[in-house]
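Biologist: I'd like to learn how to read a chain and the place where two chains meet. Can we go through one together?

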Amino acid sequence: MHKIEADVQLSLLEENRKYAGENREFLREHGVVAFNLMGATGSGKTMLIEKTADLVSDKLKIGAILGDVAGDDDFKRVTKHGVKAKMVNTGKECHLDAHFIHHAVEEFADVDVLFMENVGNLVCPVDFDLGEDYRVVVVSVTEGDDVIRKHPEIFRLADAILINKISLADAVGCDVDIMLRDARRLNAKAPVIKMDLKNDIGVENWLEWFFDAVERAKKYKSV
Amino acid sequence: MSFAQSLLENVLRVAEEKGAKKVKRVVVEIGTLLMLNPEQLTFCYEVVSKGTIAENSELNIVEIKPKIRCSVCGKEFDAPFAICDCGGVVTVEGGKDAVIRKIEMEV
């Protein structure tokens, strides 16, 4: 036996990039605008899909791929709001990746907007491009006002940051201005929208950005 | 764990291509903005490589820092920051990839 050395350049993210590219191309061909929805468990990601579907269903057909460790709770919730949905259970994996949802994406050629609801956490989903047009991060005041600076990458790379449950801020001792300041320090371009989804606060600001984002993305898609 | 799994799969693929009987050492560059903990990656790699020809191989992790710089005044930062004191937009380059650079094997 003798020793050999192989000098290589193999990116561990290359496989994901390849599938993300294929997902993106499929969505472009079919004129589907995709949003990668990220945030902690309970932050309000599923409710954002429900509320958006209720308010835009006369104009846009909404689809959703729902990533969760187990169960079909989110599937049951969003389908009641007319959303075409597909549940994907990730088991031990703490994020969606482009390969994992590759076949699921192909079932959504007939929608205008596809939400890819990621597994609930602010850490793992950030490094895995799914082929989306936009990254939306939902964070709630109940996660503490230091949550944004504790998770800088996901907020730095977001296209929109939604701070949810603002009506509960005083009750949980959260200073929303600190969250706004931290978001701005990390990300100068993303809108930071204060919301209370359950009570329809801030929804109009979200919809304004959402419709604009859909329009912008549609311009470079074929349909 | 998914990075460790992908690392092992790539290492084993190269080892197979080269007809290796044993993997001795792997050098991997990890961008610091991936925020992977080197100790955890090493531990996970040990776990997933058990029972393969890469079992007990040494894992050398080289941390790669991003270039974080103000696009107007050129001031450099240690951590990502959106806007510089001068009002310029701060750009972040690199630090987001994980790349295997070297694999030592016995054939």
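Biologist: In what order do the elements of chain B run from the N terminus on?

Modeller: Helices (H or I, at least four residues) and strands (E, at least two) are DSSP runs, numbered from the N terminus. Here chain B goes α-β-α-β-β-β-β, with two helices and five strands. Bear in mind that this is a predicted model, where local features need pLDDT of at least 70, side-chain atom pairs count only at pLDDT 80 or more, and totals for chains, interfaces and linings use all residues. Residues are numbered from 1 along each chain as its sequence is written, while chains are lettered from A and ligands numbered from 1 in the order in which they are written.

Biologist: Is chain B a compact globule or more spread out?

Modeller: The radius of gyration is taken over C-alpha atoms, and the globule rule is 2.2 Å times the number of residues to the power 0.38. For the 107 residues of chain B the rule gives 13 Å, but the radius is 18 Å, well over that, so chain B is more spread out than a compact globule. Its C-alpha atoms fill a box of roughly 55 × 25 × 15 Å along the principal axes.

Biologist: How many residues of each chain are in contact?

Modeller: Two residues are in contact if their C-beta atoms, placed from the backbone, lie within 7 Å. By that test, 24 residues of chain A touch 28 residues of chain B. On the chain A side, β1(A) gives the most, with nine residues.

Biologist: Which strand of chain B does β1(A) join?

Modeller: Two strands pair if DSSP finds at least two bridges between them. Seven bridges link β1(A) to β5 (residues 98-106) of chain B, and the two run antiparallel. For instance, E5(A) has E104(B) as its bridge partner.
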